[in-house]
Amino acid sequence: MPDIPGNEKLKVAILGAKGYPYVYGGYDTLVKELGERLQKRGVDLRVYCHRALFKEKPPIVNGIKLIYTPAIETKSLTQLTHSCISMLHACLSDVDVIFVVNSGNGPFGIISRFFRKPTAINVDGLEWLRPKWRGFGSKYFIWASKMATKYYDRIINDSDEMHRIYKEMFGVESTIIAYGANPAEKADVKKIEKWGLEKGSYFLIVGRLVPDNNADLIVEGFLKSNSKKKLVIVGDVPYRDEFESKLKKIPDERLLFTGYVTDPEELKSLYIHSYAYFHGHEYGGTNPAMLKALGYGCAVLALDTVFNREMLQDGKHGWFFEKTVNAVMDCVNKAEEQPEAMRFLRETAREGLIDRYNWDYVTDQYLQVFEELKESKKKAKLILSK
């Protein structure tokens with residue numbers, strides 16, 4: 001897709017994530033990878049950043065304009081208040097299109113609707129099913145997702161299954177745009193020596209230590225197996241809780257908790273030199289950690305869900321296990337008994353990164369959506385002026 005002509009520069013605001021170049025989770029990765037590519041294609045891009053997370057607040061980084069907005073700093077209100085303030089600011093600016101991430105921000109579409117600002121929202125996965133949102137939180141996310149379908153001009157999902165769910169639950173068609181990956185074949189093995197690890201000496205888990213990622217299930221199943229390898233758990237939670245504390249207190253020398261790994265080269269090395277990668281994520285569409293595993297050539301062992309089957313092309317690029325401790329145990333034993341099968345999965349993993357998982361292709365799709373929204377605004381103005 002050609003760059004946007006200079007005299008018709010598209011102005012886009014992105015909000016709902018932590019900011020740029022902050023990379024903590026899937027949305028932050030999306031903002032970084034998409035934002036940098038949009039900027040290089042001539043888009044006038046503004047990203048809203050959560051002020052409290054940034055000690056230094058430069059106005060521009062890598063050509064991307066950064067706007068630091070405040071929030072009510074409590075566990076339940078931080079994200080929502082930051083998004084609300086950011087939405088108000090964006091609606092009062094000269095941007096052509098506002099792109100929002102996270103279905104929790106669905107109700108704020110009423111603000112952009114009032115100001116007649118074209119909007120798109122990436123609603124991600126089934127937030128209302130996550131254990132941490134039981135009760136009121138779950139009800140809020142269902143309501144917020146419904147509000148998103150009413151007030152935003154374009155709903156974006158990242159998988160075929162999420163497209164189907166939104167059509168069945170809310171009666172809307174959505175645009176499917178997946179996340180991308182940055183594949184790599186090599187990584188410095190010395191990067192993992194700080195943890196006393198060697199190439200092929202460990203299974204790997206990457207993700208937040210929350211119940212719906214099923215690290216506890218994988219840990220228990222692994223410890224019941226015959227494996228002499230280590231199980232390396234990369235990730236944490238931003239706050240102490242019972243689930244995370246209980247997991248870390250399990251007394252077994254085969255378990256290694258690294259906490260957050262913020263150095264991308266260290267993380268890449270952990271992926272590339274693993275014997276196999278365990279993916280226990282249960283809810284949501286296209287998962288960035290799974291894409292990293294494929295892009296870094298991992299043998300993937302995944303929880304059997306419709307989302308994971310979609311990403312692994314129904315088993316072409318990984319093995320599946322049921323949500324039981326014994327199923328995990330059997331998977332570990334089988335993986336160790338079949339090293340050639342693991343080697344084959346590692347050698348063919350990158351073939352699983354079909355076009356839809358290419359960041360440039362992802363950017364093409366988002367740019368098309370933003371241009372269509374800008375054009376629809378022009379047409380609406382013409383109609384009103386007649």
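A cavity here is a set of grid points where a 1.4 Å probe fits but cannot get out. The model on screen is predicted, and it holds two cavities of 30 Å³ or more.

Sorted by class, the lining of the largest cavity has seven polar, two nonpolar and one charged residues.

Next, go to the second largest cavity, with about 40 Å³ of space. Its lining consists of Ile 205, Val 206, Gly 207, Arg 208, Leu 209, Asn 213, Ala 215, Ile 218, Phe 278, Gly 280 and His 281. Colour strand E9 (202-206) and helix H6 (215-224), the elements that each give two or more residues to this lining. By class, the lining of the second largest cavity has six nonpolar, four polar and one charged residues.

Now turn to the cysteines. How many disulfides does a search of the whole structure find? The count is zero. Select Cys 84, which is in no disulfide: the nearest cysteine sulfur belongs to Cys 91 and is 9.9 Å away. Cys 84 is partly exposed, at 24% relative accessible area.

The last stop is Cys 298. Cys 298 is also in no disulfide, and the nearest cysteine sulfur, that of Cys 331, is 14 Å away. Is Cys 298 buried or exposed? Cys 298 counts as buried because its relative accessibility is 1%, and the cut-off for buried is under 20%.

Methods
Residues are numbered from 1 along each chain as its sequence is written. This is a predicted model: local features need pLDDT of at least 70, side-chain atom pairs count only at pLDDT 80 or more; totals for chains, interfaces and linings use all residues. Side-chain values use heavy atoms; hydrogens and water are left out. A disulfide is a pair of cysteine sulfur atoms within 2.5 Å. Buried means under 20% relative accessible area, exposed over 50%, partly exposed in between (1.4 Å probe, protein chains only). On a 1 Å grid over the protein atoms alone, a cavity is a set of points where a 1.4 Å probe fits but cannot get out, and a pocket is an open set with protein on both sides within 12 Å along at least five of seven lines; lining residues have an atom within 4 Å of a point. Grid points are joined across faces, edges and corners, and a volume is the space filled by probe spheres set on the points. Ala, Val, Leu, Ile, Met, Phe, Trp, Tyr, Cys and Pro count as nonpolar, Asp, Glu, Lys and Arg as charged, and the others, Gly among them, as polar. Helices (H or I, at least four residues) and strands (E, at least two) are DSSP runs, numbered from the N terminus.
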